[in-house]
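I opened the notebook to look up aromatic contacts.

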Amino acid sequence: MSYRPDPSYFTGSLAEVDPAIAAALEAETARQREGVELIASENLVSRATLEAIGSPMVNKTVEGYPGGRYYGGAEYADVVERLAIERAKELFGASYANVQPHSGSQANLAVFLAFLAPGDTILSMDLSAGGHLSHGAGPNISGKWMNPVHYGVNEDGWLDYEDLKAKALEHRPKMVIAGGSAYPRAIDFETFRQVADEVGAILLVDMAHWAGLVAVGAHPDPLPHADVVTATTYKNLRGVRGGLILSGRDDLDRKLDAAVFPGVQGSVILNAVAAKAVCLGEALRPEFADYAHAVLANARVLAATLVEREVDVLTGGTDTPLLLIDLRKVRLTGAAASDALEEAGLTANKNGVPDDPQPPKITSGLRFGTSAGTARGFGEDEFTAIGHGIADVLESMTSGDQVSVASRIRAMVGEMCERFPIYTSG
């Protein structure tokens with residue numbers, strides 16, 4: 001039986017072939033153009049990155065590493081992956097980099113496989129204190145396969161280093177993990193190194209939420225202290241969704257490579273690796289340093305504005321691109337507040353706070369980030385206005401004028417987004 005592809009298979013546009021999906025994608029693009037993105041785990045990639053992720057490299061399947069693939073036809077796949085590896089090493093001053101992990105969680109899982117066995121004890125920040133799901137939370141594979149023990153934060157929301165030390169001495173973990181997804185302050189990596197050494201543990205630092213700042217010296221660097229560092233290529237690295245594994249040690253290459261492939265992954269998503277290479281190359285340019293420093297400055301301005309408006313900002317500020325607010329004093333939930341902000345054109349995410357009485361789908365907090373807004377050009381003036389807009393929306397939820405305030409803030413957001421356009425066709 002013979003087959004001839006329909007001529008439109010290689011030439012038809014998405015709008016022609018699948019109008020329903022095309023319409024949804026166009027609507028999402030419009031949403032991003034017309035609203036202010038404040039979700040800390042999101043950003044806006046470059047046009048070049050979009051081209052890389054949508055390139056015919058998506059057709060190629062390979063397993064293994066450059067120079068040692070299990071499939072043929074890998075010449076250009078090797079070029080792409082080697083570029084990504086070398087750029088990651090140069091950007092972070094690492095002696096080892098693996099660019100294959102499909103996500104930050106997958107990178108963490110590979111590190112666990114490299115150093116741990118099921119049932120081993122790990123010590124990490126509690127999810128309710130700002131830790132990450134993949135660091136030993138109960139519903140995650142890391143919490144089901146390992147024996148997780150958690151340190152927390154004090155009553156003011158700051159990392160409790162005495163709790164860290166006490167838990168390490170009591171439980172003798174095989175791995176200590178620093179980093180989280182909703183902790184706004186810089187972490188003392190030297191203390192973590194001392195704690196890990198005292199109990200003979202591997203130190204893993206997950207820097208997903210501030211990797212871009214580390215790259216330019218705007219945040220303390222974990223590489224000199226950690227055995228292994230994981231990161232994501234989105235957030236403030238401004239790339240596609242994916243993970244990285246880095247190390248300053250020169251004796252872990254084979255162990256970590258084998259843990260990624262064939263340990264927890266099979267084929268490489270080559271178009272994603274190509275897009276990672278693009279964002280890493282962009283991060284090596286002088287312009288990126290200006291961007292990363294502006295991300296931090298904008299986060300601090302946003303936090304200061306909210307504090308000025310008597311919004312309860314966890315720890316009173318931030319050293320990272322994210323900040324967390326506690327809504328319990330004003331008797332609001334994160335779910336309701338995030339919905340109200342979205343009506344006003346400000347997209348944020350509900351988030352748990354320490355000792356949160358609400359379930360994860362409701363929460364008592366909100367998390368904000370400045371990476372995406374900074375990418376489109378917002379500066380301190382814009383984030384000051386955004387901070388006042390957030391405070392106005394929260395106040396309106398208890399004063400009864402929510403509709404009129406949302407309309408006013410949405411008009412401000414629309415004008416701001418018009419001044420800083422993204423993905424224009426011209």
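Predicted model: local features only at pLDDT ≥ 70, side-chain atom pairs only at ≥ 80, totals over all residues.

Is tryptophan 210 buried or exposed? I found tryptophan 210 buried, at 2% relative accessibility. I took buried as under 20% relative accessible area, exposed as over 50% and partly exposed as in between, with a 1.4 Å probe and protein chains only.

Side-chain values use heavy atoms, without hydrogens and water, and residues are numbered from 1 along each chain as its sequence is written.

I searched the whole structure and got eight aromatic pairs. Rings of Phe, Tyr and Trp (its six-membered ring) pair if their centres lie within 6.5 Å; planes under 30 degrees apart are stacked, over 60 edge-to-face, the rest tilted.

Tyrosine 9 and phenylalanine 10 pair edge-to-face, 5.0 Å centre to centre with 85 degrees between the planes. Tyrosine 9 is exposed at 61%. Phenylalanine 10 is exposed at 67%.

Next I looked up phenylalanine 189 and tryptophan 210. This pair is tilted: 5.8 Å centre to centre, 45 degrees between the planes. Phenylalanine 189 is buried, at 3% relative accessible area.

I also noted an aromatic cluster of Tyr151, Tyr161 and Phe192.

Last, charges over rings (NZ of Lys or CZ of Arg within 6 Å of the ring centre and within 35 degrees of the ring normal). Arginine 238 has its charged end over the ring of tyrosine 291, 4.3 Å from the centre. Arginine 241 lies over the face of tyrosine 234, at 4.4 Å from the ring centre.
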